[in-house]
Amino acid sequence: MSLLELDNIVVEFPTRRGPLEAVKGLSLDLDEGEILGLVGESGAGKSITGAAITGLIEPPGLIRSGEVRLRGARIDNLPPEKMRRIRGKEIGAIFQDPLTSLNPVYTVGEQLIDTMRVHLGFDHKAARQRAIDWLAEVGIPAPEARLDQYPHQFSGGMRQRVVIALALCAEPKLIIADEPTTALDVSVQAQILALLKRLCRENGTAVVLVTHDMGVIAETADRVAVMYAGRLVEIGDVKQVIEEPLHPYTRGLMASIPQIGNRDRRLTQIEGAMPGLRNPAPGCAFAPRCPRAMEHCHSLRPAPQDAGTGQVACHLYGETA
Amino acid sequence: MTPQIAPDDILSVQNISKRFDVSEPFLNRVLERRPRRILTAVNDISFDVPRGKTFAVVGESGCGKSTVARLLMGLHTPSAGAIRFEGTDITHMPPGNPPELRRRMQMIFQDPYASLNPRWRVRDIIGEPLKNFGICKTRAEVTREVEKLLSQVGLIPADAKKFPHEFSGGQRQRLSIARALTTRPELLICDEPTSALDVSVQSQILNLMKDLQDEFNMSYIFISHDLAVVWYMADVLAVMYLGKIVEVGPKEQIFENPQHPYTRLLMETVPKLTVGGTERAPVAGEVPNPISPPPGCSFHPRCPLANDTCRSVAPALNLRAGGQKSACHAADEGRLPAWLRLAAE
Amino acid sequence: MSNFMPMLYAFWDSDITYSFRKSRVAVISALVLLAMFLTAIFAPSLAPQNPFDIAELDLFDSELPPFWVEGGSTAYLLGTDTQARDVLSSIMHGMRISLLVGFASVILAAVMGVTLGLLGGFLGGIVDAVLMRIADVLLSFPPILVALLINGVLRGALPSSAQAESALIVLILSIGLTNWVQYARTVRGSTMVERRKEYIEAARTLGTGKVAIMMKHILPNVLGPVLVIATINLGMAVLTEATLSFLGVGMPPTQPSLGTLIQIGNEFLFSGIWWVVVFPAAALAILVLAVNLLGDWLRDALNPKLR
């Protein structure tokens, strides 16, 4: 059984001009200990998918249909109180801004100790020792002294390390990391990613890594899911998706990333922009920008089908080709 | 530093510094006996911008690169040093003054959501400099010019009636570019113009900027934290760390054989789009607090090559064999190890 | 004129009007207020009697109770006072004065506060420091005390013969000068946020002058909260006016506001003619309540965090 299954989930934001579907029927699953990269442009629905897993979709948004299952048990319909327990114990969350995960009025130590006492049933002394170990583990110098400091006394990179410790200390089986390094400088990014990857490997923790940065995916993820306009367009092993992408959107995306050493005078660009959520077209959402669009691409929406090392939703592949 | 300006440089910056007083208010300082706190955002830097080329400034957040842009535009007044544009000293000129000179240099800002007044229509946003600098006299002239500019940046004339919130991030950055082009500037200062955009949109904007540069023969000062973008845009490159230029020179030389450990660190941390085997080397440490920078070479706490000289004496920007300059004792003393070529051609 | 209808539609369809149409409290408050404003504006022609025209008063009709009470008359729906003035007519005229003082003082306070806040926030430095210390001092007294103080100073400066005629101006000044602080602080805060935004830097590099930046760029972007404060402040101003008049330093009995009416009525409360005080008080309460409810709705509607 997969650790996490998303079964055709639809996330909707009701507005007075009718509901907006931010995620339009998305299915994927994640094995234990696996790192899945979820990429897409802003507005593609990747962060909302992450929020759907953790039950943190901001009201009035809601999961209109579909199921989120953790080890086979539905978690999308749980009451908030139960979901909060799962969020601490089973699913950890890391956000772009470390300050959203840290409470400014408690010391870093208090937050770690509290989490472990609640979720692991440690007594105070044991929890404190574990908290010191965790800070050392995430590479914070002088962990014993730093334990009694407040979040604002840490630098940006150090804060994100604390957040990682906090997310991992209850020994969850799954971490949802939403743009965990976007706010950090490049030289610190690499440290944080390496840390996250190592710890999750050691503890067998699975990760859904939500990001817009293909570079981050390339060096961290095992599999990649590419989202476009609320749908999955391609999913597969990281090597295949990065080096031999199948979907024309993924190809365009990869080609448009500037690369050191490339001597082309112009960057490859995808013309136009991702369509808005309102008035979705009947066909493939990428068709208007697609260099290989065929006539039926504009009228018939492609369903995901097996291709490469995973699936791709495109008429160029499978029997409709 | 030689004070003379080569005739093919459009802008010349000599030894400028900018210190910000970030002390608490007077009363708190006296009552709590706190010392004044001075942040040196830009520390004695000099560079020349060649005409028709792109001079890129790269560095991490807090290195002073955005402050440099604002000093050049007159949004901040330098604490020391001189800025010359086409030979005229503009060091202490307020922004927009003198108009006949300032209209020849324009700026594009980082945040496409904050750089356009949300309550103004596009026509008024782009029309503002047209009126201020007296480029267009009548309303009809303004409308015609705005529509022409919109089509030059890939938008349509009907967009003139819209408000900024009706556009996507990439389109807003096109609006910013259109506004900067109103005065037909010769120098365009771009402060991280694509860092808020998605990659597929980033390539559109970068291509547009290159096309416009060719069409109007503009010089660019291109500020970025992204080395891959800089590789694509720059002719000349300056690397900044904690308010100082640590390495400056022709782009090719710096990318092929960086002569400062910090430049090397930045290059090593560029994410590579190949899977397996080429993970970024995690580098120790973070940028120190610029209010109390380390003594000597400010990079020494993170530098694997640091010795006692590095910890006590600030290095000078010296010319290297490759043609670039770098400020590094290790390079001076020949302790800098050979650099393994980074990118496959 | 050709695009008037689409503009009207855009207004009707905008988020703020939608939120208004959806809020029953806001609609009812607005209707009540509208009715009260219209009554106040057209009081001279709507009121059954001119309570200031001695010729219209008939002392035989004094102290009549409301019409549904025994002894009341339908000619005087809410009864009459000791001078035979119709209570309903007095309320209508009183509301006129109360609202006039309210609106005028709110406008005075808003204009003053917005100007000073904008200057302080934009210029910073010594201008800002001085303005904000004055604001701090004003805020450290109860507002009614400040109003009383200003009122006293202004009255003292005027010859006693001119006091009756200038009572209205004095009231407007004393309430307006008390309430500007709130506007100034809010506008200063928003100005300091706005002036650091890149569009202001862009305007500066594009040669836009300081005054134009303040008036054309910053002002439109800081006015949202001012509208909310002004609405809520209207209720406050009407109440302050009533309090001052009740304390006898506001409108004279010859030109009674709601506050003056309550004060006059209060003297007769224990002699059994309750209607003389209860109805003006009720009118005041309904007016202020409606204004406050509308202000609360407006605050929520303009707050993007709550939307």
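pLDDT is the predictor's confidence in each residue, from 0 to 100. The views below come from a predicted model, where local features need pLDDT of at least 70, side-chain atom pairs count only at pLDDT 80 or more, and totals for chains, interfaces and linings use all residues. Residues are numbered from 1 along each chain as its sequence is written, chains are lettered from A and ligands numbered from 1 in the order in which they are written, and side-chain values use heavy atoms, leaving out hydrogens and water.

View 1. Where pLDDT is low, the predicted coordinates should not be read in detail. As for chain B overall, its pLDDT averages 88, and 94% of the residues score at least 70.

**View 2. Where chain B meets chain A.** Contact joins 46 residues of chain B to 46 residues of chain A. About 3800 Å² is buried between them, with carbon and sulfur atoms giving 52%; buried area is the accessible area (1.4 Å probe) that two parts lose on being put together, summed over both.

View 3. Four salt bridges are counted between chain B and chain A, each being a side-chain nitrogen of Lys or Arg within 4 Å of a carboxyl oxygen of Asp or Glu. One of them pairs B:Asp211 with A:Arg265, whose closest N and O atoms are 3.8 Å apart. α7 (199-216), α8 (227-233), α9 (251-256) and α10 (261-268) of chain B each put at least two residues into the side that touches chain A; helices here are DSSP runs (H or I, at least four residues), numbered from the N terminus. α7(B) gives the most, with eleven residues.

**View 4. Where chain B meets chain C.** This contact draws 22 residues from chain B and 15 residues from chain C. Three residues, B:Leu75, B:Asn117 and B:Arg119, supply 25% of the area that chain B buries against chain C, more than any other three.

View 5. Which residue does B:Arg70 meet in a salt bridge? Its partner is C:Glu201, at 2.8 Å, N to O. On the side of chain B that touches chain C, α2 (65-73) and α4 (122-132) each supply at least two residues. The largest share, three residues, comes from α4(B).

Technical notes: Contact means heavy atoms within 4.5 Å.
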